[in-house]
Each structure stands twice: as structure tokens, then as C-alpha cells.
Amino acid sequence: MEYTTAKFFHIIGIFIWAGASSSLGLFMLYSNYRNTGCNQDLLRSFYRWMTNVEIAGFALALAMGLYMLHMLEYRFDINWLNKKLPLVLGIILPLEVVNFWFVNLYIPRAKDKTTAYKRYDLFTIAVALPLILVSLWVIYLAVAKP
């Protein structure tokens, strides 16, 4: 696979990850505090499904990013990349792993779904702003290449 093709799939992964997480995530936060008239069980089930789409997009972006790094023969003399990698691997990746755990392991196995969803909501609220800021910084680094 050529570098530009890997870059294309990397960007597609970012679009899937950002699109699936941002729009529905904001609606879920909103619907927890305002009556939207939506069936919460159905909405939460769909949200969990979309979270897996989000995680798949992130996995695609991460895999293609690592593949592009491999194609560059693991050169770490690229200043912006040295700033981007710790943010992705040290902040975003662990948060996505915890997100995966909540959605696919913790919530489905929980005996009290209401409590499980409340804990997940707290996690989502706690990481939303930092994740958005870090993601925007990562995108800035990739585009501006300072």
C-alpha cells in the first residue's frame, strides 16, 4: 500500500471516529438532562453500537498512522510527530480502551444497568472536554506541522 493510500485511510478513520463520537455523544449528554421524548433504553443501545463504530474508526486511524510511521522507517526526527504521538498513545488510546471496556464489558455484564450507565455518563462527562482539546491539538499538529 502506498503512503498516500494509507494517509487516505488514516483520515477516513479520523472522520469515522470524530463523527460517531461527537454528534451522538453530545445528544446523549443533552438527553440525560432534558426530556427529549426518546426511549432511553433504545437510545443507549444505539449509542453503545455507535461507540463501537467510533472505536473501529479510531483503530483504523491508529493502524494506518502506525503503518505510515513504518513506511517512514520509524524516523522520529519529525518535530510535530514527536508531539502528536504521545498525545495519541498516552491520552486518546487509553481513553478509548476504557470506553471500549465500559461499552462492551462493564455495561452488558452489569446487574444494575442504571448505575452502570450513570458511571459511564460520569466518565463521558469527565473526559469530553480534555478529549476534544487533545484531539483538536493533534489535528492542528498534523495539519500545520509546526
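**View 1. The second largest pocket of the predicted model has a volume of about 490 Å³.** The model shown here and in the other views is a predicted one. The lining of this second largest pocket is made up of 23 residues, and those nearest its centre are Ser 21, Ser 22, Ala 128, Leu 131 and Ile 132. Helices H1, H2, H3 and H4 each supply at least two residues of this lining, with H4 giving the largest share, 10 residues. By class, the lining of the second largest pocket holds 15 nonpolar, six polar and two charged residues.

View 2. Two or more lining residues come from each of helix H1 (3–33), helix H2 (40–71), H3 and H4, and the largest share of the lining of the largest pocket, seven residues, belongs to H2. When the lining of the largest pocket is sorted by class, 21 residues are nonpolar, three are polar and three are charged.

**View 3. Helix H3 (residues 79–109) packs with helix H4 (residues 113–144) at an angle of about 160°.** The axes of H3 and H4 lie 10 Å apart in this packing. Because an angle over 145 degrees counts as roughly antiparallel, H3 is described as roughly antiparallel to H4. The crossing in which H3 passes H4 is left-handed, and the contact of H3 with H4 comprises 23 nonpolar, two polar and six charged residues.

**View 4. Helices H2 and H4 cross at roughly 50°, with axes that come within 13 Å.** This crossing angle makes H2 oblique to H4, and the crossing of H2 and H4 is left-handed. On the H2 side, Arg 44, Tyr 47, Arg 48 and Thr 51 take part in the contact, where they meet Tyr 117, Tyr 120, Asp 121 and Thr 124 of H4. Divided by class, the residues of the contact of H2 with H4 are three nonpolar, two polar and three charged.

Terms used. Residues are numbered from 1 along each chain as its sequence is written. This is a predicted model: local features need pLDDT of at least 70, side-chain atom pairs count only at pLDDT 80 or more; totals for chains, interfaces and linings use all residues. Side-chain values use heavy atoms; hydrogens and water are left out. Axes are lines fitted to C-alpha atoms, for helices over the stretch in contact, and angles run from 0 to 180 degrees between N-to-C directions. Helices (H or I, at least four residues) and strands (E, at least two) are DSSP runs, numbered from the N terminus. Angles under 35 degrees count as roughly parallel, over 145 as roughly antiparallel, 65 to 115 as roughly perpendicular and the rest as oblique. A crossing is left-handed if the near helix is turned anticlockwise from the far one by less than a right angle, and right-handed if clockwise. Ala, Val, Leu, Ile, Met, Phe, Trp, Tyr, Cys and Pro count as nonpolar, Asp, Glu, Lys and Arg as charged, and the others, Gly among them, as polar. On a 1 Å grid over the protein atoms alone, a cavity is a set of points where a 1.4 Å probe fits but cannot get out, and a pocket is an open set with protein on both sides within 12 Å along at least five of seven lines; lining residues have an atom within 4 Å of a point. Grid points are joined across faces, edges and corners, and a volume is the space filled by probe spheres set on the points. Contact means heavy atoms within 4.5 Å.
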